[in-house]
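Here is a short briefing to read alongside the sequence and the structure. Have a look at the fold first, then walk through the points below.

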Amino acid sequence: MGISQEISNGPPPKSMDMEPAGEKFYADPPQYDGDIVGEMSERERNIYDQGCDKFHRLGWKRLTVILIVEAIALGSLSIPSSFATLGMVAGVICCVGLGLVAIYTSYIVGQVKLAFPNVASYADAGTLMWGRVGYEVINIMLILQLILLVGSHTLTGTIAWTTITESNVCSIVFSVVSAVILLLLAVPPSFAEVAILGYIDFISIIAAIGITIIGTGVEATNSPGGRSAVNWSAWPKENITFTDAFIAISNIIFAYSFAMCQFSFMDEMHTPKDFVKSIWSLGIIEIIIYTITGAVVYAFVGQDVKSPALLSAGHVLSRVAFGIALPVIFISGSINTTVLARLLHGRIYKNSPIRFINTKMGWITWLIFITVITWIAWVIAEVIPFFSDLLSISSSLFISGFTFYFPALMWFMLLRKGPWTSPKNIALSIVNACVFAIGMITLGAGTYASVDDIINNYRDGSVRGVFTCAKPN
């Protein structure tokens with residue numbers, strides 16, 4: 001694909017078809033497309049060279065930080081309510097089991113990137129499997145998923161500001177404020193440039209979760225009967241419905257969605273094969289944080305645990321926790337804006353220096369892209385103003401594919417080597433068939449449950465209306 005392995009510029013060229021490249025690819029300097037090079041002036045060539053340098057600076061440690069920023073955010077805030085629905089035993093099993101599956105599928109995604117270095121986004125992988133149709137379908141899914149993610153961060157920001165201020169200001173005002181903050185943080189176009197914010201992001205979410213755990217623990221201890229009186233259970237709640245159960249599972253799945261942006265992040269690595277260290281580090285950190293958060297907060301609060309979980313910390317501590325969580329809410333959300341804007345910007349300006357965003361026109365077009373994305377996400381946050389269902393829709397429609405059934409198909413179509421009857425291939429076929437089944441069940445059952453719950457919530461009047469000033473749920 002000439003020029004650079006940045007965010008996808010369109011389907012990979014036919015020359016990359018199904019033939020994996022050797023590792024030596026990464027030791028070579030970026031190769032420019034001959035036709036494009038012939039049309040470039042010396043100034044444009046310098047811009048391309050600077051762009052290649054700008055977008056290939058990530059090491060595995062910084063990639064881990066970026067993945068943490070993108071992954072450990074809203075997901076952790078929905079886990080305790082999932083435990084309340086599923087019970088302690090099923091909650092722990094789902095957190096650990098789905099986390100291990102996500103690490104495996106992320107490993108498959110990374111192997112595809114190593115085998116086909118010009119694959120710069122999930123859509124490019126779709127081209128390898130199904131040609132132009134695969135590229136366009138996955139591209140649309142990726143665009144919609146990223147917009148939903150930005151919308152969910154806008155909604156969470158609205159809930160945070162409403163909780164912190166306890167003012168009579170219309171919630172729409174707070175949603176606009178949240179959208180503007182997300183827009184401003186998305187201005188830097190390179191992931192390496194925002195890596196430093198990842199440390200702030202990580203400290204923010206850990207501190208917010210810590211305050212929530214401490215606050216709920218103290219409240220449970222001081223309540224009549226103490227912690228032994230908390231109404232938590234090892235088993236699913238009574239009279240649990242299919243819709244409730246699958247929304248809880250979908251919320252856990254949402255928390256393990258890091259494979260979705262992995263192609264884009266790996267595309268900025270100077271040594272892509274180091275990605276394995278990153279995904280194992282992230283996966284283990286996620287499993288530990290999610291399981292402890294879900295189990296402990298549920299044990300302290302019981303069936304009354306709220307979503308986002310920070311609302312369960314008590315009147316004062318909820319405000320403090322949300323204040324501390326503001327960095328993770330907005331930094332993580334802005335990363336998704338950046339990923340989407342890079343994808344669209346790189347595709348439209350694939351043969352132009354504008355794509356590197358280091359010229360005046362490049363910056364103008366970049367600002368237009370992130371502004372439009374943020375506006376659409378804000379509209380979604382106002383149309384679906386309830387936290388758990390928004391995450392569930394995202395998980396069911398899109399993360400089911402990016403985390404489960406697409407990686408499974410990648411193994412069957414792109415990575416499998418040798419005869420089907422070999423012991424290794426038989427074992428991996430069974431594993432990937434199970435992963436594929438998880439994805440398809442999540443797609444079908446999860447979508448049904450999400451739509452059913454939204455209809456029930458609007459019918460029962462338990463959520464605020466579209467573009468209203470009531471407190472978001």
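Counting contacts in the chain between residues at least 6 apart in sequence, 85% join residues at least 24 apart. Please keep in mind that this is a predicted model. Its secondary structure comes to 15 helices and zero strands.

**Burial and surface**
- The chain has 473 residues, and 58% of them count as buried.

**Helices α5 and α11**
- A helix pair to look at is α5 (residues 88-115) with α11 (residues 275-301), whose axes lie 10 Å apart and pack at an angle of about 165°.
- Angles over 145 degrees count as roughly antiparallel, and α5 and α11 are therefore roughly antiparallel to each other.
- Their crossing, α5 with α11, is right-handed.
- On the α5 side, the residues that meet α11 include Met88, Val92, Cys95, Gly99, Ile103, Tyr107 and Leu114.
- On the α11 side, the residues that meet α5 include Phe275, Ile279, Trp280, Gly283, Ile287, Tyr290 and Tyr298.
- By residue class, the contact of α5 with α11 has 18 nonpolar residues, six polar and no charged.

**Histidine 315**
- You can find histidine 315 in helix α12, which covers residues 315-348.
- Is histidine 315 buried or exposed? Exposed means over 50% relative accessible area, and histidine 315 has 53%, so it counts as exposed.
- Histidine 315 and glycine 215 are 100 residues apart along the chain, while their C-alpha atoms are separated by 9.9 Å.

How values were computed: Residues numbered from 1 in each chain as written. Predicted model: local features only at pLDDT ≥ 70, side-chain atom pairs only at ≥ 80, totals over all residues. Heavy atoms only, no water. Axes fitted to C-alpha atoms, helices over the stretch in contact; angles between N-to-C directions. Helix = DSSP H or I, 4+ residues; strand = E, 2+ residues; numbered from the N terminus. Parallel < 35°, antiparallel > 145°, perpendicular 65-115°, else oblique. Left-handed = near helix turned anticlockwise from the far one by under 90°. Contact = heavy atoms within 4.5 Å. Nonpolar A, V, L, I, M, F, W, Y, C, P; charged D, E, K, R; others polar. Buried < 20%, exposed > 50% of the residue type's maximum accessible area, 1.4 Å probe, protein only.
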